[in-house]
Every structure is written in structure tokens, then in C-alpha cells.
Amino acid sequence: MAMVAFAIGLKRADSGEPTERPPNIVVIFADDLGWGDLSCYGHPTIRTPNLDRMAAEGMRFTQFYSAACVCTPSRAALLTGRLPIRTGMCSDKRRVLFPDSGGGIPAEELTLAEGLKAQGYATACIGKWHLGHLPQFLPANNGFDTYFGIPYSNDMDRVADSPKGRAAFWNPKVKYWNVPLMRDTRIVERPADQTTITRRYTEEAIRFIREHRSEPFFIYLAHNMPHVPLFRSKRFADRSLRGLYGDVVEEIDWGVGQILQTLRDLKLERQTIVWFTSDNGPWLIFDELGGSAGLLRDGKGSTWEGGMREPGIVWWPGRIPAGVVTQELATTMDIYTTSLKLAGAEVPKDRVVDGLDLRPLLFGQGKSPRDTVYYYRGRRLMAIRHGPWKAHFITQPAYGRAKPTYHDPPVLYHLEHDPSEKYNVADKHPDVIAQLKRLAEKHKATVQAPPSQLEIRLKP
Ligand code: MG
């Protein structure tokens, strides 16, 4: 079904319209990296010269968002262009998929890889999948020609005799987490040696680029790091003033540099668009082992800005003007729509797609089409941003048993004046509140939520 819907785009491209070779597309997705964790986003002691150079040669977003504040729903949104509430990839009971989960990304969803494959792209998924580890949900059944990675989070499959509680994270050993490393549909290593995982993912991406240099390719490189437990290879041990977390981010940065240099060496840099962002904010309950959202409030698991606003860098020498810092709004779902457009594919019309086409912004021809961001926690719409204004209808601590607080009137912040969400100005702006409430209701009317995939469990 997925192929049929996308075949329309292919046919159009074949029907005599002038088409140049569509660009290669590379999406590098960090895990739990905070908005404040790169040098080019102001971190004082983490060095990220390669990402800083990527930003200097491309475009850096100051207001770039993931579509959810935790892993599974965020990844589902990136690859489908749709809010997780529309795909069943979120839940109020279990926030992500686990090794005992029986659900995953529904077959009828049209992934970015499926769309690009129909346009003739070679497609690779490398790294963390977390959209269902059973065979029917794996990358091979979602448009990817190849897969190499850990199919869920690197802190899962904890072994019973590892140190209790947080102690295992403060002195992590590979054997404490019996996570599998897969090649396509087979487990090739268990536990995955996480100390070399960032380096091996990078090498895999470089190999794929070299092998497919003469045809369009799509690489979705989703690092498991810097999600705890934190591991880095020997070369990066004790290098960063920021400690273990800094070492881990600096190895990811090294990998980005290797990939961009490979593209330059092969003279593919003018035919390749590369994105870098993160799935959700820093995991603050892990103290120094978690990252930083900079001046943004809170982190992973919350719908305050720190939970969903991410570093966002996009690079395409010769097409995207160099050295642009944009304050325009964009989300990971826009990567989906923009990529399909760049490939000459149709964006699916038989369903709601939340992603928007960023090409005019990227190419210096206009503004972002996005003026609104929706903040979901599980299946509940917690907050909405429209222009500079953000209204929270519900707030809740990121983790723990604390109940949600419902706000009527909602709590209102002006994010351009007050990016840290400190000063509730609801009293002064009843008109804005009325407008944001209307927008939220209008949005809810477009949502048909299927049953949650995250609540399906394997029989013990
Ligand atoms: Mg994450």
C-alpha cells in the first residue's frame, strides 16, 4: 500500500518533466542531546568544531522542534511527517516502546524511506530504531534497504546482577545492558559493545556513502548517544572539560565531521543535504550524566521548551546560503515533507501530514511556512505555540508520579521576550489566549487517534 501511494510521485517525475538528479539526504539524529549542548549553541565546555563548521557553512535554527518530548513518538513523527497522536505511536501509560512491547509503527504509515525508495533512492537506517523491534516493524519493512543498529534504547535489557538503581549509570559497563546489535533482521552482537557504537555507526554511514556515491541515497543515522548509559571509544576518553557527557558529544561531533569530509572528498557536497538535530531534550533526572537545555526550561519528558526545542542545523553547500542563523520556526516533521519535495515525490494526500515544506526558507527565498507548534505529552495536547506566544493548558513534571495541573485560563508566555518561560502574562492578553484556544480546538478537530501501539505487550 505504501508503494502504491508513493508511485504517483514517481510517475510524475518520469513523465517528461525536466528533472535533475535529486539530492542525497542525510539525517543525523542525536538521542537526548539538549538545546544547549553544542559550542555553536553556547555551551562553554563542550567542543563541537565540526557541528560549528557545519552551521557556519549552512543554516542554524534557534527555534527548531522535535514533535515529542520522548524517543519513540519523536522518531515516529520524523519518519512519517505526522504527529504521533495520528499514528498510534504515543501513550499515556507507557511513554516509549520496550523490549516487551508487541507494537510498532503501523504498516499503513508512509515512511520517509518508503517515499524516497519509490523515487529510486538507496536507503540506510543506522543506529537506534525504537519503532518496534518485532520483524514486521523493523527498518527492512519500512523502506530501508539496510539496517545496522540497536533496535531500541541503550538502557534497556538491564541485567539482573548489575548495580542497583543509578549506580550502574555512574560507572557503566557494557555487560549491564544486554541490548542487541542488529544487521538487517539478524542479531549480530549481544550485548552490543557500546564503547565503539558511535564510531561504528559513523563508519557504517561512510561505507554506505562510498558504495552508493553514483545514485541518490538516504541515510537516517540515529545515534544511541548521548542517551544514558554514556559510552565513548578510548580515543575520546577524558578529553572534555564537561566530563563523560562531553566526551560522548565530542565523539558524535567527530562523526559528523567524518561524514561531511567524506562527502567533500567524493565531490558529493553540492548534491547532498545533511540535517543534524535531536529527538528530545536533555534527561535532567540523570544530573551530570544528562545534557543541558541552555536557557530553556526543563528537559526530556516535559512540554516546557527544554523538552522539545532542539539544536537544528542543515547543510547543503551551494544551495543553502552559508552562515545563516534563522529564528524561523521548524520541526522534525518538516524534514519529512521537505525531503519528499526535494526528491520530486508527492506528499501523501490521503491523510493529514503535519510536516511543511521548508525549501523557500532553506534557499533564502522566503520565510518558514510554520507558525504553530503543538506540544503533546502522550496523547494529551499540553500546550500550543503560535508566533511568539505559547499557552500551556496542562503542565506536569517530566517524570515521577506528580499529577497534571490543568490551567484555565492557560499559562501564557511570550517566547521571544521570555525564552525561559518565567513570566506568565495571561492576565494582560485575554485576546491572545482566546486565539490560542481556538487554534487548539481547530487542531483537535483534525485528529483521529488510532489505538496506541505502545500499550501492546508481548505475552510473557
Ligand atoms: Mg531520546
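**Close-up views of a predicted model**

**View 1. Helices H7 and H8 run side by side in this predicted model.** The axes of helix H7 (residues 197–211) and helix H8 (residues 244–265) come within 9 Å and cross at roughly 10°. Angles under 35 degrees count as roughly parallel, so H7 is roughly parallel to H8. On the H7 side, the contact is made by Thr198, Arg199, Thr202, Ala205, Ile206, Ile209 and Arg210. H8 contributes Glu251, Ile252, Trp254, Gly255, Gln258, Ile259, Thr262 and Leu263. Sorted by class, the contact of H7 with H8 has seven nonpolar, five polar and three charged residues.

**View 2. The largest nonpolar core has 62 residues.** Those that touch the most other members are Leu38, Met54, Phe217, Ile219, Phe276 and Ile313. H8 gives the most to this core, with eight residues. Leaving out residues up to four places away in sequence, Ile313 touches Leu38, Cys40, Tyr41, Leu51, Met54, Ala55, Met59, Arg60, Val274, Trp275 and Phe276. A second, separate core has 46 residues, among them Ile25, Phe61, Ile335 and Leu358.

**View 3. Helix H3 (residues 71–80) is mostly covered.** Ten of its ten residues are buried: Cys71, Thr72, Pro73, Ser74, Arg75, Ala76, Ala77, Leu78, Leu79 and Thr80. Just after H3, Gly81 takes a positive phi of about 70°.

How values were computed
Residues are numbered from 1 along each chain as its sequence is written. This is a predicted model: local features need pLDDT of at least 70, side-chain atom pairs count only at pLDDT 80 or more; totals for chains, interfaces and linings use all residues. Side-chain values use heavy atoms; hydrogens and water are left out. Axes are lines fitted to C-alpha atoms, for helices over the stretch in contact, and angles run from 0 to 180 degrees between N-to-C directions. Helices (H or I, at least four residues) and strands (E, at least two) are DSSP runs, numbered from the N terminus. Angles under 35 degrees count as roughly parallel, over 145 as roughly antiparallel, 65 to 115 as roughly perpendicular and the rest as oblique. Contact means heavy atoms within 4.5 Å. Ala, Val, Leu, Ile, Met, Phe, Trp, Tyr, Cys and Pro count as nonpolar, Asp, Glu, Lys and Arg as charged, and the others, Gly among them, as polar. A nonpolar core is a set of buried Ala, Val, Leu, Ile, Met, Phe, Trp, Tyr and Cys residues joined through side-chain atoms within 4.5 Å. Buried means under 20% relative accessible area, exposed over 50%, partly exposed in between (1.4 Å probe, protein chains only).
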